[in-house]
Amino acid sequence: MFTLIKKLLARQAPAKQTRNPEVNPVKILHIDSSILGPYSVSRALSADIVKRQVAAHPNATITYRDLASEPTLHLSAAHIAVFQGGAPADATLGADLATGGSLIDELIAADIVVIGAPMYNFSVPSQLKAWIDRVCVAGRTFQYGANGPEGLLPAGKKAFIASSRGGVYTGDSPAAVLEHHETYLRGVLAFMGLTDVTVIRAEGLNLGEEVKAAAVAKANAEVAAL
Ligand SMILES: Cc1cc2nc3c(=O)[nH]c(=O)nc-3n(C[C@H](O)[C@H](O)[C@H](O)COP(=O)(O)O)c2cc1C
């Protein structure tokens with residue numbers, strides 16, 4: 001009997017590890033990409049999401065990237081030449097390559113990723129796309145295996161997207177077919193292995209003050225409920 005009980009106990013799922021925030025604080029990666037500075041809705045929402053996460057995770061550390069004020073370079077032939085073993089053509093490229101490496105390291109290290117993402121021309125701002133081009137890297141954040149693509153980001157991450165857009169793309173909106181914004185972000189995050197994604201959305205922001213105020217109030221309430 002004693003042996004049986006020992007065997008049953010051994011079969012139980014391992015106890016869930018509790019995280020000591022003093023020894024191992026939650027790491028938040030906060031990214032903004034709106035070019036509208038203090039007038040930006042996505043920036044205000046992403047900041048509030050981060051505040052909520054900090055409140056929920058004592059001692060959380062925050063890495064902030066403002067892709068509008070400090071954009072990375074777009075990938076170019078000069079980058080590819082270095083990836084293939086060449087030396088950086090100049091100091092600007094060298095610095096940008098170093099930043100590119102940090103962007104990947106930050107994403108891999110983050111427990112929580114908060115992305116302020118306005119819709120520009122039915123998709124994400126080019127600055128955010130440039131960041132994606134730098135972090136979506138074979139061998140670091142994804143790989144192709146026998147069963148197709150596989151995300152390499154460590155499991156357990158959460159992402160929050162603060163989505164803002166002038167029109168309406170949800171429900172039976174005729175513009176839904178032009179929605180390459182949230183679907184794209186969700187898709188590329190999932191491709192890298194990050195599937196726990198919450199979207200906080202304010203849409204219809206260019207449809208008049210009343211519609212805008214209601215959309216922002218709804219998004220704020222969703223943030224408050226996180
Ligand atoms: C360059 C640019 C392109 C835009 N393209 C679209 C678009 O394709 N569809 C849309 O619904 N709104 C579009 N908008 C409106 C923005 O999505 C909207 O103003 C949103 O509030 C911007 O986010 P932000 O307040 O965080 O800057 C565009 C705005 C800018 C500045």
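**Ground rules.** I count residues from 1 along each chain as its sequence is written. The model is predicted, so I take local features only at pLDDT of at least 70 and side-chain atom pairs only at pLDDT 80 or more, while totals for chains, interfaces and linings use all residues.

**Confidence.** I looked up pLDDT, the predictor's confidence in each residue from 0 to 100. The protein averages 92, and 92% of the residues score at least 70. Over residues 1-9 the pLDDT stays under 50, and I found zero contacts beyond four places in sequence there (contact: C-beta atoms, placed from the backbone, within 7 Å).

**Helix H6.** Helices are DSSP runs of H or I, at least four residues, and strands are runs of E, at least two, numbered from the N terminus. In H6 (residues 182-191) I list Glu182, Leu185 and Leu189 as buried (20 or more other C-beta atoms within 10 Å of the residue's own; exposed means 12 or fewer, partly exposed in between; C-beta atoms placed from the backbone). They lie on the same side of H6 because they cover an arc of only 65° around the axis, taken from the directions from the helix axis to the C-beta atoms. Thr183 and Gly187 are exposed on the other side. Strands S3 (112-118), S6 (158-165) and S7 (197-203) are among what covers the buried residues. Gly193 follows H6 and has a positive phi, near 105°.

**Ligand.** I find 17 residues around the ligand, the closest being Ser34, Ser42, Pro118, Gly166 and Gly167 (C-beta atom, placed from the backbone, within 6 Å). Helix H2 (41-56) and S6 each supply at least two shell residues; H2 gives the largest share, three.

Methods. Two residues are in contact if their C-beta atoms, placed from the backbone, lie within 7 Å.
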